[in-house]
Amino acid sequence: MSRHIKGNKSDCGRWKRLAEQREGHRAEVSLRHHFTLSYRGYTSVKPLLANYLANELPLTVATSGHRAVPRSGMMPGESNMTSIVHKIARQALVTFRSPPRVGEEAAKSFLENQSKLKSLMTEVRAADLKLAPRRGGGDDSPPAASPALPYQHAGPPVTYMHICETDQFSMGVFLLKSGASIPLHDHPGMHGMLKVMYGKVRISCFDRAERPAGGPQEAPPPPPAPPGALLRSVLRSSEEYTEESGPCVLSPDRDNLHRIDAVDGPTAFMDILAPPYDPDDGRDCHYYKVLTEAEDTEQKEKEVWLVEISQPPGFWCGGEPYPGPEVCL
């Protein structure tokens, strides 16, 4: 769901040193993930990070290359190479080394490795990530923004904890406040796996409609919309997940668009995307709005019309430190 901001190694090194001088501990500066989740309206990395440092915001996420280093508040002894979090990351690396692309049939080896990853994800719990359930309302999360940024006065509705990232996959935790939603969005050519850590979410999964014989009934004619912005889609499912549920899985061809809503209080879920978003490689994130609802509410798979929209103004994502075991890949 992030839109990337371009930087280079020189930029990264410079801002890393400044952050370390200001905060007095080892830090890494991500030019690809955290800042683009936390801030909107920037087109290059330097003014974004200048604002970040000028407002004395806490350095909340460390990501650079294949290794996640200890963050502020983590002691070196907390690193656990046998933790289930590390096992999940290692299995994700194996699983998504050569995943099936759009329209390709999954090889037996991929399906076997994916099954192993699903089993590990089913086992993981909030305590394994050192996550404590948040309170029901209000701004009870660590501050992720400065009062100098007006759209962040109430704190972010969604927060992200980055665990690790490689060229093959990214892994982290999303925390949603009570009543918060991650808008309907896509994952172009990507696989994914989502596991609730605490609370409850409703996940509504959509796909681009390709009506085979005997498939869902055709959606009604769409309302007027800008040319090229409409997408005929199928609502595959809308289900609730808790920490006792297995993971929700998406692929390039199935359940690739989804909306995630917090239900009955705050919630958190672990998230793996493979490969990570990358606009330069055709994997930018697009947001959508449902224009037409299917009339037949008994129909299992319903065709609807979607329209592509800009990132909704009420949605933005902050960042905070990942408190769990270190992951080294």
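User: Why are α4 and α5 called roughly antiparallel to each other?

Analyst: In this predicted model, helix α4 (residues 84-95) and helix α5 (residues 108-123) pack at an angle of about 160 degrees. The cut-offs are under 35 degrees for roughly parallel, over 145 for roughly antiparallel, 65 to 115 for roughly perpendicular, and oblique for the rest. So α4 and α5 land in the roughly antiparallel class. Their axes are 9 Å apart, with axes being lines fitted to C-alpha atoms (for helices, over the stretch in contact) and angles running from 0 to 180 degrees between N-to-C directions. As for handedness, α4 passes α5 in a left-handed crossing, meaning the near helix is turned anticlockwise from the far one by less than a right angle.

User: Which residues of α4 and α5 meet?

Analyst: On the α4 side they are Ile-84, Lys-87, Ile-88, Gln-91, Ala-92, Val-94 and Thr-95. Across from them, α5 brings Phe-110, Asn-113, Gln-114, Lys-116, Leu-117, Leu-120, Met-121 and Glu-123. The residues of this contact split into 8 nonpolar, 4 polar and 3 charged. A contact here is heavy atoms within 4.5 Å.

User: And where do α4 and α5 lie?

Analyst: Across strands. α4 lies over β1, β2 (170-176) and β9 (267-274), at about 30 degrees to β9. α5 lies over β4 (191-198), β7 and β9, at about 15 degrees to β4.

User: What makes β7 and β12 the edges of their sheet?

Analyst: The open sheet has 6 strands in the order β7-β4-β9-β2-β1-β12, with mixed pairing. β7 (248-250) and β12 (317-319) each have a single partner strand, so one side of each lacks a neighbour in the sheet. Neighbouring strands there are turned by 25 degrees against each other on average, direction ignored.

User: How do you know that β1 pairs with β12 and that bridges join β1 to β2?

Analyst: Pairing takes at least two DSSP bridges between two strands. β1 (residues 158-165) and β12 have 3 bridges in the parallel sense, with Tyr-160 opposite Gly-319. Between β1 and β2 there are 7 bridges, and those strands run antiparallel; Met-161 stands opposite Val-173. A hairpin through 4 residues joins β1 to β2.

User: What makes β1 mostly covered, and β3 largely enclosed?

Analyst: Buried means under 20% relative accessible area, exposed over 50%, partly exposed in between (1.4 Å probe, protein chains only). In β1, 8 of 8 residues are buried. In β3 (residues 181-185), 4 of the 5 are buried, so the rest of the structure largely encloses it. β3 also has 3 bridges to β8 (residues 257-262), running antiparallel, and Ile-182 has Ile-260 as its bridge partner in β8.

User: How many helices and strands does the protein have, and what percentage counts as buried?

Analyst: 5 helices and 12 strands, taken as DSSP runs numbered from the N terminus (helices H or I, at least four residues; strands E, at least two). Of the 329 residues, 53% count as buried.

User: How are numbering and confidence handled?

Analyst: Residues are numbered from 1 along each chain as its sequence is written, and side-chain values use heavy atoms, leaving out hydrogens and water. Since this is a predicted model, local features need pLDDT of at least 70 and side-chain atom pairs count only at pLDDT 80 or more, while totals for chains, interfaces and linings use all residues.

Technical notes:
Nonpolar A, V, L, I, M, F, W, Y, C, P; charged D, E, K, R; others polar.
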